[in-house]
Structures are given as C-alpha cells and as structure tokens.
Amino acid sequence: MSIQTTCPYCGVGCGVIATPDGAGGAQIIGDPEHPANFGRLCSKGSALGQTLGLEERLLTPLVGGHATDWDRALDLVADRFTDALAEHGPDSVAFYLSGQMLTEDYYVANKLIKGFMGSANVDTNSRLCMASSVAGHKRAFGADTVPGSYEDIDEADLVVLVGSNLAWCHPVLYQRLIAAKKARGTRVVVVDPRRTATCDAADLHLALAPGSDAALFNALLVALAERGAVDSAYLDAHVAGYEAALAEARASNPALTGLGARDLETFLDWFTTTERVVTIYSQGINQSESGTDKVNAVLNCHLATGRIGRPGMGPFSVTGQPNAMGGREVGGLANMLACHLELENPVHRTAVQRFWNSPRMPKAAGLKAVELFDAVARGQIKALWIIHTNPAVSMPDAGAVARAIKGCDFVVVSDVTQTDTTRLADVVLPATAWGEKSGTVTNSDRMISRQRAFLPAPGQARDDWRMLADVARRMGWGPAFDWDSAAGIFAEYAALSGVAGDLGRDFDISGLIRADYEALRPTRWPVTARQQGGRFFADGGFYTPDRRARMLPVMPRLPVAKTGPRYPFRLNTGRVRDQWHTMTRTGLAPRLSQHIAEPFIEIHPDDATTLGLEPATLARVTSALGQAILRVAITDRVQTGQVFAPMHWTADTAPTGRVDALVAAVTDPVSGQPESKASVVAIAPFAPAWYGFAVSCAPLTPKADYWARARHDGGWRCELAGLVPPASWEAYARALFTLPDATCLSVEDRVRGTHRIALMAGGKTLAALFIAPDPVTLARGHVAAQLGTEGAGMLAGRPAKGMLDPGPTVCACLNVGRNTILQAIASQSLNSVEAIGAALQAGTSCGSCKPELAALLDTRLEAAE
C-alpha cells in the first residue's frame, strides 16, 4: 500500500509517495499531486529509500551509556527537571529543539516548558537559519507572515536571489524557476559573493562584498524614489516610515558593495522598471550579524513599490528545514508564543495561559540559542533537553558548545542515531524517525502537509510528543497532556489558533479543528470560515497596532571581524548539493556521497599560489577558536581573500573537518541569529608524509592525522593522511580494517613510495588500502566496486582496457558519473545539456546537476576547438 507523505529535508516541503517493501524499506517517488513539487524530487529526496535501515538506530533508552527501560529513563528525566525547578527556578531549565520535529511534537514541547515549567528558555536550531527573517517580518509587518507563495515564482518577470544557492539547497524550487524562465523569459539576478551553481541560470551575477547586502538594497530604494517607481498610493494608505528609511538609504554608500557601476546600474534598472518582481532570500541574508537589517532593507523596497501580496510580486524567505515554519507557528523560539502570539504581550500571554489552563507563564523572552549554551557553560542551566539536533557540531564555536553540554548537570537527548551530542548526554531517548511517525509540517509558503507513518516503530523507539507527555504526567500535569494521538494535539493547536485569530493575528487554522486528520490534504494557511490560503498585504491589513507596515531606516554594517595579517581570509560556510545538516540521514545513502565525499575548502587560484597550495592537497585552516584540516579545491568561484567550506562533517565522518569549530558566535542584536558567513581565518599547507585511500566491506576504525569516511554501495570508503608513516603498512591495514587474520596481498613501489594492500578471505576481497606520498589518484568507484569479488586487477586501481570507469558522480538522482558523461559528449557529439539528458537521463530528475553538466560540456567543447 502506497502512502502519501512529505519529504523530511528542506523547507520546500515536497510531497512523496512511499511504498513499503515488506522488509523494512520502501520505494520513494515524488507525489505528482502535491502543489510544492508536482512529483519532482531532488537528489536527497530521491535517495530517501537508502536511509531507512536500522543499522545505526538508537533502539533502547540509555542512562549513563547503558541500556535501560522507559520507566527508569523517564522517571529520571522528570525527577531531574522537577529538582532543578524546585531548587533553582524556571530559569534553570531549557529545551533546545529542531526544525526536524513535527508540529505536534513542537507544540507539546512548548506547552510543557512555557506553560507548565514556566520557562521561556526554549529555542531551536531554526535560530541558526531563519530567525533574522522572523525578526524582519515582525518589524515590518507586525507578524511573522510570509506574504506570497511558490506560484509567484511562476508569474514573476524578475526573480532576485539574494544569498541563496537555490540550485543546490532548494533544487525543486530552482527547477520551477528555470521552467518559468523558459516559459516567460523571466530574468534572474543572483546576489552572492560566491559564484554558485545557481549562477548558471543568472542573467546577472552581483558578486558583492561579504555583508554588504543592505548597501545594495539601500541603493535600490534610492533609485526607486528617484526614478518614479514608488507607489505613493500604497505608501499613503498602508505604510509608515518611508521618509526616514529613504533618508537613511541616501546616507549609505553603494561603494560598500564593491560592485562595478555597470552591473549595479543594470540591477537598478531592471528592478525599477519591472513590476512583477520576487526577491528570494535565504542564509546569505539571515546568517549575518546584521541579518535583520538586511531583511528589512529588502522588505523596504517591496513596500515602497507596493510589490507585495500580488501575483508574481513580493519578498520570499526560503527556509532550510522541513518544519522551521511549523516551529515558528507553535512558538518554538524563545521570544514567541504559539500561533504567532507575542510572549511579552500581556493580553496574548493571558489568553494562552487561560487556554492551556497552565499554572504559570514566563513574562519575558528566554535565552536564544547562543545565549542558551553560554548559560549552560556558566552553570545557570541545570537541566537541558535537546531534541533532534546536533549542537555539538552545528552551533558556532562548536567546541565550546560541546564542552558546555558535557559539563551541564543533567542533559537528556532525544534522537534517532548516535551523534556527537548524544555521546555527551546523561540520558538518551530513542525517537521514531521519518517514515515511522505521524504529524504535520509547514513549508516555506505556508503549506501544511501531513507526514504519515508507513513503517512500524523499531525496538523501543517512541514519538517525541509521547516522551514529552509522559514526562509531563510524571511531573503532575497529566490532564493537560492526555492525548492519545497526534490528531488530538493538532485539533487542540487548531483551536488555539482560533483564539489567535480572534485577537487579530495572521495565523488561524481553526477551520481545521474538525478536519479529517488522516485524510488531510496539503493546505495553505490561514484556514478559517472566512478565508483559506491566499496572499497577504496586497490591500494592506498589516498586523501592527495601526494596521500599517513599517519601513525601517537601515544603515549597512559590515562584519565586525576584520581580516588582517594574522587572519587574512574571510570564511563563508554553507551546504553542498547532496548532503544536509550533519549527515545523520544523508550520510546513510551511499549514492549521496559519490559527488562530494569529504570536507573541502574553496580558495581562489591567486591565493592558492601565494600560499603554496596544490589541488587536492590538504590545508590547515585556523581561527581564534579552533582549527580544521580540509581538502583544497582551487577555483575562481570564490574571490581573492574569500574562502568557502561546507558545514556537514562531524567527529563520526571527519573529525578534523568540523567547520563550525572555526566560526565565532557573533549574533545579530535583534534576532539572535549567529553570523555564519564572515569569520576570519588563516590558511596554511598541511604537509602529510603520506596520503591514503581505503575501501572496506565493514566500517573502518581510522587512525590518522586526517581522515574522512563515507558509505558506498556494499561498504565504506575513506580518505586518509598522516604526518608519520607507520612501521608496517600491512599491520596498519589490518588494524584499520580490523582484519587480523585475513590473507594479505601487497604491492610496493619503492621508487614512487606507493603501497597497495588488499585483504581477502574465502577468495573475496574484504578491504584495500592505497598509500602514496601525494594525493592518491585512482578510479575510486571502480576500486570500491571490486569489494566482495575476487578483486582481479583491483590493486591496479583502474579498470582493465576496454572497461569504463564512470568516475565521480555528477547526477546523484540517476547515478551518472563524470567519465560516462564526457565519453557520451565525445562519442555522440552531444552539444547541449538537454542532449545529455536525452542520452543518459542525467539532469532530468531534480536538475541540480545541470550547471555541472554545462561546465563539462564547455570543457569538452573548448578542448575540441
């Protein structure tokens, strides 16, 4: 039986259809009926079936690292939180939540800690990705309202992408944009210091100076005023603050952007003369110490022109997590209440407390994420509950956060697998995962969708809401948490939203109180007797006291941390195409590691030459907080003086590749969101005595100064490097693979300094190790494919004559390698990305690999000229 559910990755909120295979797995395809994706999936979504195994699952509660039963674990959690409240008060307890939680789980967590424990110390990893957008919305609109919908992308004539690598981070939306570009000639502007894959679709790329986005949009506001593009009627009827915002914009300096006059003028001309404009922004705006001001600089331009809430017009924040929006809606941030009600508004606070019939309610905002872990480090927080997130890796200054968690009096972590964070906990609670739990999520355009269970819960895993409710009962609040299903929680939440609606707030889904929960179709809020879905603010109706929007004066602020002789480079962090967060899910899918398998740093060729860095070697990257060792990628995608590194790797996958250990915990003063795009670092060659590549049927136990491991079909692969070679490479290999009794085949080239070792048993190759004084060059996919076979010719490192090595994966959706694509271009005279798709299917699924296909095509055609 096939089940309609929702993808657990980014905020696009794609619908998927899961068909269980009866053996614990499922076939996953896109849902053609879901309005977020109409059947499309990205590489991550299409690989969900590879992530459903139980190999690394937490299946029983742990106390002190030892298995126990639920009663003992939950009794201990309840007792320790009760003791902390009794001895130290509500400010001594905290929850740290996640955009991975379903709305119902989020709601129960917030009800418990705010309404019954009386603490506002509840924040979420969404603080790291969209808090500045929330703050900007609230300052401008009076509520955290996303005005438009995905349909606006289809209807826009100009789409401006600001700090958004849509092609890699939201590929399904990127394909929607490409379709609109083909259908109506939509112009695309990309505003990003780095040339990302998204620039493949750009008519104009503005490679502005890091942090200067507000200066760009201030220049735009001035141009809108001077060129007659301001909508005076809309301003007069619906907006306050225009004159002050314009005066501040006139005082700022467009030269801060570092853009050439021609590019700047082109952007100003296109925006001022095009009515249907959508501005899509993401982490490049939000993850900034001045992120809220940047958001308001963008909103100012749309408010000044009245280009908001109408088809093909408006600002649009795209979120990074599947339920970041749901978390915002239930009050999952330290300064909010459920249903977009304000914690510090006495009327709102009283209404929620009365609805919950709760004994207490905090009157002031609690600690935001960075502040929260600072308080943990100081010993203020005595009991901490972390749910479905890995702050020991993902927070800025991650090393300090890990030390704070380790030193906390009592820590409980609910999660699906062991992580860097669970290993620091006193109690670990096994949670149900995607495919096993049931609830709702809200995507970036306010679409509420069901996540439905299609697999049984394994072992003793429980839903998050049940754990929270069980603890609440043990603490004496059972009647307020007496649900028997997620449907009952949703109905209560919908009823509370009706209270919010009566108080004049935007979020109201009271029309769903009596909806058939199991059959609920994707639904965009609000849902009331008077309204369903739709856009906001075309005719005003903002959620401020006077119902007028606010334009804010914004003075651009460049990053506080300055480059200099000690730290001459500015570090930009982000994601790669096929991985997500700290890889606790994507790392389970072998094909998602075939595109990029290890942490890296992009650096401009001129800087690499100055530093003496060679391609594929290693670099030591240091900041005032820590260091990392990363693979060198020399490219002009970054500008001189700037570098880029992805943030996915952990102690389990690449312990020296933990990039957030380099990032300073500098936050936006309004939103509390940390800066992730502008830390300063130094870079130097890391000069190992040897490099290695290993493959194994079983998990490896690497011991090296640098290592990064990833799954492949049938086993594991690992890159290694070390400062001192071992006395015996055979002994090293046996220890690496834990194969002390296997038969060893070894080839040594003393002239070249290489060693190649295969370990076998029963005529089958179980593992192989390749060592060289320089980065190891061989056909990695071919070598990995020999595992479990006789391995004939495996130690040669390349296929025999006449056999093609597919090469590194380019199209992860359909598993098409680089060499396969290059051979087809040459042998079939392919001259377009579409022709490659027709011949090999590459790029015909999510399309996020199309920029790389185009680059390969350009390279081959240039070589042929």
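F537 is buried, since its relative accessible area is 4%; buried means under 20% relative accessible area, exposed means over 50%, and partly exposed lies in between, with a 1.4 Å probe and protein chains only. The structure is a predicted model, in which local features need pLDDT of at least 70 and side-chain atom pairs count only at pLDDT 80 or more, while totals for chains, interfaces and linings use all residues. Residues are numbered from 1 along each chain as its sequence is written, and side-chain values use heavy atoms, with hydrogens and water left out.

A search of the whole structure finds 30 aromatic pairs. Rings of Phe, Tyr and Trp (its six-membered ring) pair if their centres lie within 6.5 Å; planes under 30 degrees apart count as stacked, over 60 as edge-to-face, and the rest as tilted. F537 forms a tilted pair with F141, with 4.8 Å from centre to centre and 45° between the planes. This pair links distant parts of the chain, 396 residues apart: F141 belongs to helix α4 (residues 131-141), and F537 to the loop between β19 (523-524) and β20 (549-550). Helices (H or I, at least four residues) and strands (E, at least two) are DSSP runs, numbered from the N terminus. F141 counts as buried because its relative accessibility is 0%.

A second pair is made by F490 and Y517, which is tilted because the ring centres are 5.4 Å apart and the planes stand at 45°. F490 lies in helix α20 (residues 486-502) and Y517 in the loop between α20 and β19, 27 residues apart. Both F490 and Y517 are buried.

A charge sits over a ring if NZ of Lys or CZ of Arg is within 6 Å of the ring centre and within 35 degrees of the ring normal. R194 lies over the face of F644, 3.6 Å from the ring centre, and the charged end of K111 sits over the ring of F481 at 5.2 Å from its centre.

Next comes a strand. Six of the six residues of strand β21 (residues 569-574) are buried, so β21 is largely enclosed by the rest of the structure. In a regular strand the side chains alternate between the two faces of the sheet. In β21, F569, L571 and T573 are buried on one side, and R570, N572 and G574 are buried on the other. Two strands pair if DSSP finds at least two bridges between them. β21 pairs with strand β25 (residues 642-646) in the parallel sense over five bridges, and L571 stands opposite V643 in β25. Three bridges join β21 to strand β26 (residues 679-686), and these two run antiparallel; here R570 stands opposite V680.

In helix α18 (residues 398-407) the buried residues are A398, G399, V401, A402, A404 and I405. Their cover includes α16 (369-378), β14 (383-387), α17 (391-394) and β15 (410-415). S394 lies in helix α17 and is buried, with a relative accessible area of 15%. Not counting residues up to four places away in sequence, S394 touches L128, T389, T582 and D660, where contact means heavy atoms within 4.5 Å.

The whole protein has 26 helices and 34 strands. Of its 865 residues, 64% count as buried. Along its principal axes the C-alpha trace spans about 80 × 70 × 55 Å.
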